[in-house]
Amino acid sequence: MLIKELTELNGVSGNEDEVREFIKKEAEKYADEITEDSMGNLICYKKGTSSKYRVMLSAHMDEVGFMVTGYEDSMLKFASIGGIDERILPGKRVLVGEKRIPGVIGSKPIHLQEKAERGNNIKQKNMYIDIGAEKKEEAEKLAPLGEYIAFHSLYTEFGDGCIKAKALDDRIGCAILLEILKETYQFDLYVCFTVQEEIGLRGAGVAAFRVNPDIAIVVEGTTCSDVPGAREHEYSTVMGQGAALTIMDRTSYPNKKLVEFMCKTAQNRNIPVQYKQTTTGGNDAGKIQLTRDGVVVASVSVPCRYIHSPVSVMKREDYESCLKLVKAVLDEFGSDENLIESFCV
Amino acid sequence: MFDLLKKLTGIVGVSGNEEEIREAIKEEIKDCVDEVKVDALGNLIAVKKGKGKKIMVAAHMDEIGIMVTYIDDNGFLRFSAIGGVSRYDSIGQRVKFKNGVVGAVYYEEKLDDIKNLQLSKMYIDIGAKSKEEAKNMVQVGDVACFVGDTVLQGDTVISKALDNRSGCFVVVKAIKELKETDNEIYFVFTVQEEVGLRGARTAAFSINPDIAIAVDVTMTGDTPESHPMEVKCGGGPAIKIKDRSVLCHPEVRRLLEESAKRINIPYQLEILEAGGSDPGSIHLTAGGIPSGAISIPVRYVHSPVETASMSDINNAVRLLVEAIC
């Protein structure tokens, strides 16, 4: 099960090795050539049968997590890597380093907190990670300074086709792209698995510079806020309503013709599709769009509730819609030589 | 003169939706240059060929505005800002969509304190009675600009989108009044400046010029109790020293200052404490491009009542022509 295997690997930004090795092994079966660049992006090239175009697909391998920054007695102090709501942290399970040393995030017990403290959220600087060490020396040995820490959360299926896992953002995109790699297309296809998205879209721009694509589609796990407390116009996406197309976010304004074309393609083929309603957040498309003399981009995502937490939740049918839509769009690119050019002004 | 400015300011051209303004500018200049092209992001690049210095002139075509994100059962629209839209300036304004639909911007009455005003508590009323009726008028993803007629009163222009159609006007006029020169000049009307100086970056990469000069607007310090700033409306075009995105290259600043002195026009020096501009991304592109800017002093930037002096705009045209030829 690709989604289970991918989400249970640890790959906090800057430490994507485990994920990269896994993807490389899978991709080797289908790609014509695999390049690992200096930042650690994995670029899988699939030679086309005829077309002159270069199409880039991109999903990021990294996930949000933590890093060991110091010690307080036998406990680890830690910093976040990527955007994490510190209020969700107390009581969470983590795995430290390559050896996956289990730990839990702890804080001062409630009965010892002052009245004023109880009324406020516990700050991350007042939390620690308990790895069961007895002494500082032992903690330092088990979890040296700079060691990466990932959420510990197992892939679980529940409800009507729901999946709970950590790192759905963006292993779900990685899973989709690995499926895409299995087929051959008319155009030259560059399937890129990028690094360091969560800390500033860093890998994607470098990968895009190397690939120099005519067009790029970013495949993501995106926010889904169809939950109590949010009003309908504040929902970013709705779970179960299909692949989510981005109209605009903080980092990119995807090519309107391409986005509209993708929406029409979905409708024509009865693939569930929705527009992402909010314009906050950003993804690799922002960097790819501005690479070299500009790239036509779009991004399509699987809605994930509780994103950037160890209990992200998605629906399998949304994954399938997203995969079908990417396949359908590539299929259309192949059937019409001039289609890609038509997205440019 | 004023007619062209009025034409340019009147067009709806919110960031990422520059199609109409691009066409209008293209029509104005296409017979005055050697080549006109549009790149993948939508930048309009007009080339005057030559064998001398390679100069990039950039003016962004886009303006701030709003995008529809949701239509409710009663036909009211919810929206996101595109670029630096002030929630407070937006209250009670009209917005206009490309298809001519006009809406009123207002906020939910239950709001207890105006300080808590957020865009998610605001809406646009287009007079639709139902979701269906609204959907026949606008779609999610459609953009609109603020309405603000262009008026000339003495030397003063009041209008929406002087940021940066006044800069576009300056570049269009400069193209028409270009003097004999051997320089190769790339006049770029850039896209998506208001959402992060985006178009200028890709255009600068493909052109890779020796120097770049942007024409944009700047704020002023000449209104009651305004934040102190040594720029005023009517004091002449400003030569940019810095803003939040760039420290202008001293050679470009010198070129502009010397040009202004040569043709004997008033000018001011601009040190902008807030905001960025296209040179911010241009100067960091490729191997680094010496960049600077001519700025038109504008009061109430990003409101529908942006106010400028026509003589500053005209002097900016003369300054640009002198600097690049």
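For these notes, two residues touch, or are in contact, if their C-beta atoms, placed from the backbone, lie within 7 Å. I am working from a predicted model.

**Entry 1: B:Asp163**

I began with the UniProt record, an unreviewed entry, which lists B:Asp163, B:Glu194 and B:His302 under "binding site". I checked how these three sit in space: they are spread over 140 residues of sequence, yet they cluster, with a largest C-alpha distance of 10.0 Å.

I took B:Asp163 to start with and found it in helix H5 of chain B. Is B:Asp163 buried or exposed? I counted 30 C-beta neighbours inside 10 Å, so B:Asp163 goes down as buried, the cut-off being 20 or more. Leaving aside residues up to four places away in sequence, I noted that B:Asp163 touches B:Glu63, B:Val217, B:Val298, B:Val301, B:His302 and B:Glu306. One of these contacts, B:His302, is itself on the UniProt "binding site" list.

**Entry 2**

Next I went to B:Glu194, which I found in the loop between S12 and H6 of chain B. B:Glu194 has 23 C-beta neighbours inside 10 Å and therefore counts as buried. Beyond the residues up to four places away in sequence, its contacts are B:Ser15, B:Asp62, B:Glu63, B:Ile64, B:Ile82, B:Gly83 and B:Gly84. I see B:Glu63 in this set and also among the contacts of B:Asp163.

Then I looked up B:Glu193, which UniProt lists for "active site", again in an unreviewed entry. B:Glu193 lies in the loop that runs between strand S12 (184-190) and H6 of chain B. With 29 other C-beta atoms within 10 Å, B:Glu193 is buried. Setting aside residues up to four places away in sequence, I listed its contacts as B:His60, B:Asp62, B:Gly199, B:Ala200 and B:Asp278. B:Asp62 touches B:Glu193 and B:Glu194 as well.

**Entry 3: the rest of chain B**

What does its radius of gyration say? A compact globule with 325 residues would have a value near 20 Å, and chain B agrees, at 20 Å. Its C-alpha trace spans about 60 × 45 × 40 Å along the principal axes. Of the 325 residues in chain B, 52% are buried.

I also looked at helix H1 (residues 2-10) of chain B, where the buried residues are B:Leu5, B:Leu8, B:Thr9 and B:Gly10. The cover over them includes helix H2 (19-29), strand S11 (156-159) and helix H5 (162-176) of chain B. That brings me back to H5 of chain B, the helix that holds B:Asp163.

**Entry 4: where chain B meets chain A**

I found 23 residues of chain B in contact with 17 residues of chain A. On the chain B side, the elements giving two or more residues are strand S4 (65-71), strand S5 (77-82) and helix H6 (198-207). Which element gives the most? I have it as H6(B), with five residues. By type, the chain B side divides into eight nonpolar, 10 polar and five charged residues.

**Entry 5: chain A and its sheet**

For chain A I counted 10 helices and 17 strands. Its radius of gyration is 21 Å, close to the 20 Å that the globule rule gives for 345 residues, so chain A is as compact as a globular protein of that length. The C-alpha trace of chain A spans about 70 × 45 × 35 Å along its principal axes. I also noted that, among contacts in chain A between residues at least 6 apart in sequence, 75% join residues at least 24 apart.

I then traced an open sheet of eight strands in chain A, with the order S1-S2-S12-S3-S13-S16-S14-S15 and mixed pairing. Strand S1 (33-36) and strand S15 (273-275) are its edges, each pairing on one side only. The twist from one strand to the next averages 25°.

Two helices of chain A went into my notes for packing on this sheet. Helix H2 (residues 17-27) touches S1, strand S2 (42-46) and strand S12 (188-194), and its direction makes about 10° with that of S2(A). Helix H9 (residues 316-335) touches strand S3 (54-60), strand S13 (215-223), S14, S15 and S16, and its direction makes about 160° with that of S16(A).

Last, I checked one pairing: strand S14 (residues 243-245) and strand S16 (residues 296-304) of chain A run antiparallel and are joined by two bridges. A:Ala244 has A:Ser301 as its bridge partner in S16(A).

Terms used
Residues numbered from 1 in each chain as written. Chains lettered and ligands numbered in written order. Predicted model: local features only at pLDDT ≥ 70, side-chain atom pairs only at ≥ 80, totals over all residues. Helix = DSSP H or I, 4+ residues; strand = E, 2+ residues; numbered from the N terminus. Nonpolar A, V, L, I, M, F, W, Y, C, P; charged D, E, K, R; others polar. Rg over C-alpha atoms; globule rule 2.2 N^0.38 Å. UniProt positions renumbered as here; feature names shortened; annotations may be inferred. Buried ≥ 20, exposed ≤ 12 C-beta atoms within 10 Å, placed from the backbone. Pairing = 2+ DSSP bridges. Axes fitted to C-alpha atoms, helices over the stretch in contact; angles between N-to-C directions.
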